[in-house]
Amino acid sequence: MQKQSLSLGLATAMLIAAGPSFAVENEVIMDFAGQANNLPLYTSATGLGTMTVSPPGVGGFSVPSGHTAFVTTPGAGGITTVFTPSSTAVPTRIAIYDQRASTYRNITAKCLNPNTLAIEPCDFGNTALFPRTNTPPSAAPYTQATVFNWYGDPFYTLQPYTPGSGNIQSNGGYVTLPPYVREITVTAYGGGNADFSGTDIYMADPPSVSKAFAPAALNPGGQTTLTISIKNPGLGAPIPGVSVIDSLPTPLKIVSASHTCTDGSLTAAAGSTSLSLTGATLPTAGCEITAVLEWPNDTASISACVATPTVTNRITPPAQFSTAIGQLNTEAVADLSCSYTPPVVSVACTPSELFDSPNQQSVCTITSSTPAGSSGLNVNLTPPAANTRYTSDCSTSVTIPAAQTSAQCMITATANTVAGDGDVTATLAIAAPSNTNDYTIGVTPAQVVIKNDDESGGTTAKAVPTLGDWSLILMGSMIALLGVARLGRREI
Ligand SMILES: [Ca+2]
Ligand SMILES: [Ca+2]
């Protein structure tokens, strides 16, 4: 191969922050220890991915503990290994170790283009995106420093080798990878003698999702903020192709939602019960979806609060969370608690005494200790018994309107001029609710006495003021009282 000029296949490489270094999480060497040395296909026991070997079982190929692959006599035909990460692992490093001067390796790889999502040859010639690090030489025979030759378009091949000749080696080195590498091919070649060399493929965690409610407890009619956090675990570059779906547990509904990821389309209509973010890019520092949710206070939602006081909200990858380079398949789980205390409902009628004259009315107020939910609060009543001395529009139930705390009905005295017909009592009581969650019963019953105001034996009824006259009478009484008070003071 001839050395080619550097290619700029991954223009987006410049997106990577040059200054700070990012610590990936749970970086491990992909190893296949314990599996036979002659397999054509190896599968990581810890879920990191696969390695194919071609041809298998030749050249002293082995899978030693603590390393990925080793060869002793790869030969001029070479032994090719292809590494494919699982959807839950991200390749982070390709390391060469213990390599003799008589062997070399050709490395090619496939990379996700983060802008187009196309799979393209990785541009190892871009050392800002694929920095190279040499493992320092040590005591003989490890006296050499690995040289990395790059052959660009159309080869896109990185060729590490150990300079010099004879029985000398290098400790190798490694290439740090951006999180876009989707497949790595390493072919070892040698002269046919003892051409030792090894490859280590490192993997780390992909993006993950978590969630939380704040507050984590509410009452029907209350709101909470759901935060869905998408973590970029130190991968040092934006991750495209982020998709999140969250189906809310019943009876939660969305009030509003927003996100801090790059681009993407967030679907989270007010009143709906699920949200989704598609086509977003996860920034290097991570991003969040924030949704204000409401636990409604309608009858069904109140029943749900009583029946299931704690609901669990899950996001289950990969169906409900994924990125173009994979994702940790760990569920995001958050619990939300609901508590509900039925309102206390009482009744009072004012005034509590009427006369059997025209315009004699008592207003009965049914009061709830908390505002009625969006369905209103239906209160069952035991209405006053039928009686010729009064009428009432208080029936067997009354509805306190949504967000209100009271409703009213009337008891009206029936005017008469019949003397000696005595007093009767109208009784209005709160009855048991139709649904036990609706309310508990407070002050009840309310009683209104309808009094006879007709003189016995007389032919003319005593003049009784009408309802409209009460204010005048009250005023008159107050004036009289003031007069008495003044009088009293003078007398002192
Ligand atoms: Ca009368
Ligand atoms: Ca009467």
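These are my notebook entries on a predicted protein model.

**Ground rules.** I number residues from 1 along each chain as its sequence is written, and chains are lettered from A and ligands numbered from 1 in the order in which they are written. Because the model is predicted, local features need pLDDT of at least 70, side-chain atom pairs count only at pLDDT 80 or more, and totals for chains, interfaces and linings use all residues.

**Overview.** I looked up the secondary structure and found two helices and 37 strands. Helices (H or I, at least four residues) and strands (E, at least two) are DSSP runs, numbered from the N terminus. Of the 492 residues, 38% are buried. A residue is buried if 20 or more other C-beta atoms lie within 10 Å of its own, exposed if 12 or fewer, and partly exposed in between, with C-beta atoms placed from the backbone. I also checked contacts (C-beta atoms, placed from the backbone, within 7 Å). Among those between residues at least 6 apart in sequence, 73% join residues at least 24 apart.

**Confidence.** I read the pLDDT, the predictor's confidence in each residue, from 0 to 100. It averages 90, and 88% of the residues score at least 70. Over residues 458-465 it stays under 50, and the model has eleven contacts beyond four places in sequence for them. Residues 472-492 are also below 50, with one contact beyond near neighbours in sequence.

I traced an open sheet with mixed pairing in the order 32-34-30-28-36. Two strands pair if DSSP finds at least two bridges between them. Strand 32 (390-392) and strand 36 (440-441) are the edges; each has a single partner strand, so one side of each lacks a neighbour in the sheet. Strand 32 runs antiparallel to strand 34 (residues 406-413), with three bridges. One bridge partner I noted is T412 in strand 34, for T391.

**V347.** I stopped at this residue in strand 28 (residues 344-350). Is V347 buried or exposed? V347 is buried, because it has 24 C-beta neighbours inside 10 Å. Leaving out residues up to four places away in sequence, V347 touches C364, I366, L428, I430, V443, T444, P445 and A446. From V347 to A407 is 60 residues in sequence and 9.7 Å in space, C-alpha to C-alpha.

I found another open sheet, ordered 18-27-25, with mixed pairing. Strand 25 is antiparallel to strand 27 (residues 332-338), and six bridges join them. T312 has D335 in strand 27 as its bridge partner. In the loop from strand 25 to strand 26 (321-322) I came to P318. A cis peptide bond joins P317 to P318, with omega about 0 degrees.

**Hairpin.** Y151 faces T157 in strand 12. Five residues separate the two strands of this hairpin, and Y156 in the turn has a positive phi of about 50 degrees. P154 sits in the loop between them. D153 and P154 are joined by a cis peptide bond, omega about 10 degrees.

**Positive phi.** Most residues other than glycine have a negative phi, and most peptide bonds are trans. L117 has a phi near 65 degrees. L117 lies in the loop between strand 8 (103-112) and strand 9 (119-121). I count L117 as exposed because it has 11 C-beta neighbours inside 10 Å. A403 has a positive phi of about 70 degrees. A403 belongs to the loop between strand 33 (397-400) and strand 34. A403 is exposed, with 12 C-beta neighbours inside 10 Å.

Technical notes:
Contact = placed C-beta atoms within 7 Å.
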